[in-house]
Amino acid sequence: MSTFPMTSMQRVLTALGHQEPDRVPFFLLTTLHGAQELGLSIRDYFGQARNVAEGQLRLRARYGHDCYYPFYYAAAEVEAFGGEVIFRDDGPPNAGEPVLRRAEEILTLAPPVIADQPVLVRVLETIRLLAAASRGEAPIIGVALAPFSLPVMQLGFEAYLRLIYERPDLFARLMQVNEEFCVAWATAQVAAGAHAICYFDPVSSSTIVTPEMYRTTGYAVARRVLPRIPAPVALHFASGACLPILPDVQQTGAALVGVSSLEDLGALKAACRGKIGLFGNLNGITMARWTVAEAEAEVKRCLAAAGAGGGYILADNHGEIPWQVRDEVLLAIADAVRRWGAYPLQITEHDAA
């Protein structure tokens with residue numbers, strides 16, 4: 001345990017080494033709040049790399065959390081494949097109609113050239129701006145969608161499930177294309193200055209597929225992809241359950257796993273202790289209705305369940321805090337971590353009840 005304040009980078013690395021830093025690290029994964037901070041529409045905010053970089057710098061100065069998060073929106077990757085993106089005023093941009101109208105189109109599908117895709121170029125420039133401003137004081141977390149989950153936007157959910165079961169040949173071909181893109185996209189973000197990659201794989205969660213199906217699909221893909229990414233990887237199931245597959249997740253090479261509010265955090269910590277770090281599991285949906293007192297109580301619950309011994313980063317459970325979460329709630333989360341998260345922890349599960 002450190003007896004003096006650490007930088008965010010030192011704090012996070014110590015925690016991921018399964019040791020106790022000066023306090024529990026916390027990530028406020030705010031993507032849209034930067035637009036609020038700058039007084040811009042969501043479309044305009046994501047239209048310029050300097051806007052997103054400035055938003056991230058201001059938000060971290062405001063809340064004091066332990067990372068920069070230059071993620072734009074999940075549909076950016078399908079946009080790079082030629083898909084439509086639908087913007088809204090109070091939530092994340094979403095994918096429009098699937099870019100693949102017929103499964104046979106997979107045969108001629110090719111990975112996008114990153115340098116030719118304006119949205120990806122903006123993300124990379126955002127990372128470079130943050131790297132220049134932060135100079136290694138705090139980790140910059142890039143994002144890549146798992147090749148197994150990206151097809152939900154490429155094909156649509158129903159068509160994708162039919163593909164998995166009915167056309168294993170085309171499924172294998174789609175995974176090949178998506179894997180090459182995922183590795184290239186993650187590598188480009190690392191080259192721009194990202195220190196780690198968050199690999200979002202919600203379709204692999206036990207909420208969506210069985211553990212048996214995961215082992216032959218999303219797990220097999222992750223085993224091929226993660227070793228090729230030249231940085232630590234956080235495997236995130238975007239609110240989905242993962243406790244039934246944690247032994248498999250630990251074999252993917254991931255350094256960290258994002259965990260859901262749907263599962264018992266104490267049980268997750270027991271399964272991960274000394275093996276893989278975890279972050280979560282504040283409920284981002286109910287967070288939009290929390291009072292300041294409720295925010296503090298939820299932070300105390302998480303710290304009591306998972307904080308001891310390091311290996312834990314407090315965060316929301318989805319990897320993206322909703323637009324509707326109020327500033328006072330985010331400030332309350334930050335204040336509660338600083339108050340209750342200093343090591344040695346002075347909080348027990350009884351105190352958090």
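In which helix do Glu-158 and Arg-162 both lie, and how many residues apart are they? Both belong to helix H8 (residues 157-166), where four residues, about one turn of the helix, separate them. Helices here are DSSP runs of H or I with at least four residues, strands are runs of E with at least two, and both are numbered from the N terminus.

Before going on, note that this is a predicted model, in which local features need pLDDT of at least 70 and side-chain atom pairs count only at pLDDT 80 or more, while totals for chains, interfaces and linings use all residues. Residues are numbered from 1 along each chain as its sequence is written, and side-chain values use heavy atoms, with hydrogens and water left out.

**Salt bridges**

Let's stay with that pair: the side chains of Glu-158 and Arg-162 meet in a salt bridge. The term stands for a side-chain nitrogen of Lys or Arg within 4 Å of a carboxyl oxygen of Asp or Glu. By this rule the count comes to 19. Here are some of them, with their N to O distances.

| Glu-137 | Arg-60 | 2.8 Å |

The bridge between Glu-137 and Arg-60 links distant parts of the chain, 77 residues apart: Glu-137 is in the loop between helix H6 (118-134) and strand E3 (141-145), and Arg-60 is in helix H4 (residues 49-63).

How open are these residues? Buried means under 20% relative accessible area, exposed means over 50%, and partly exposed is in between (1.4 Å probe, protein chains only). Arg-60 is buried at 12%, whereas Glu-137 is partly exposed at 29%.

**Aromatic pairs**

Rings of Phe, Tyr and Trp (its six-membered ring) pair if their centres lie within 6.5 Å; planes under 30 degrees apart count as stacked, over 60 as edge-to-face and the rest as tilted. The structure holds 13 such pairs. In one of them, Phe-71 and Phe-200 have ring centres 6.2 Å apart and planes at 35 degrees, so the pair is tilted. Phe-71 lies in the loop between H4 and helix H5 (75-80) and Phe-200 in strand E4 (residues 196-200), so this pair ties together parts that are 129 residues apart in sequence. Phe-71 is buried, at 12%, and Phe-200 is buried as well, at 7%. Elsewhere, ring pairs link Tyr-45, Phe-46, Tyr-72, Tyr-73 and Phe-87 into a cluster.

**Around Ser-149**

Phe-200 turns up again beside Ser-149: leaving aside neighbours within four places in sequence, Ser-149 is in contact (heavy atoms within 4.5 Å) with residues including Phe-200 and Asp-201. Ser-149 sits in the loop between E3 and helix H7 (151-155) and is buried, with a relative accessible area of 8%.

**Two parallel strands**

Finally, look at strands E7 (residues 277-282) and E8, which run parallel and are joined by five bridges; two strands pair if DSSP finds at least two bridges between them. Strand E8 (residues 312-316) is mostly covered, with five of its five residues buried.
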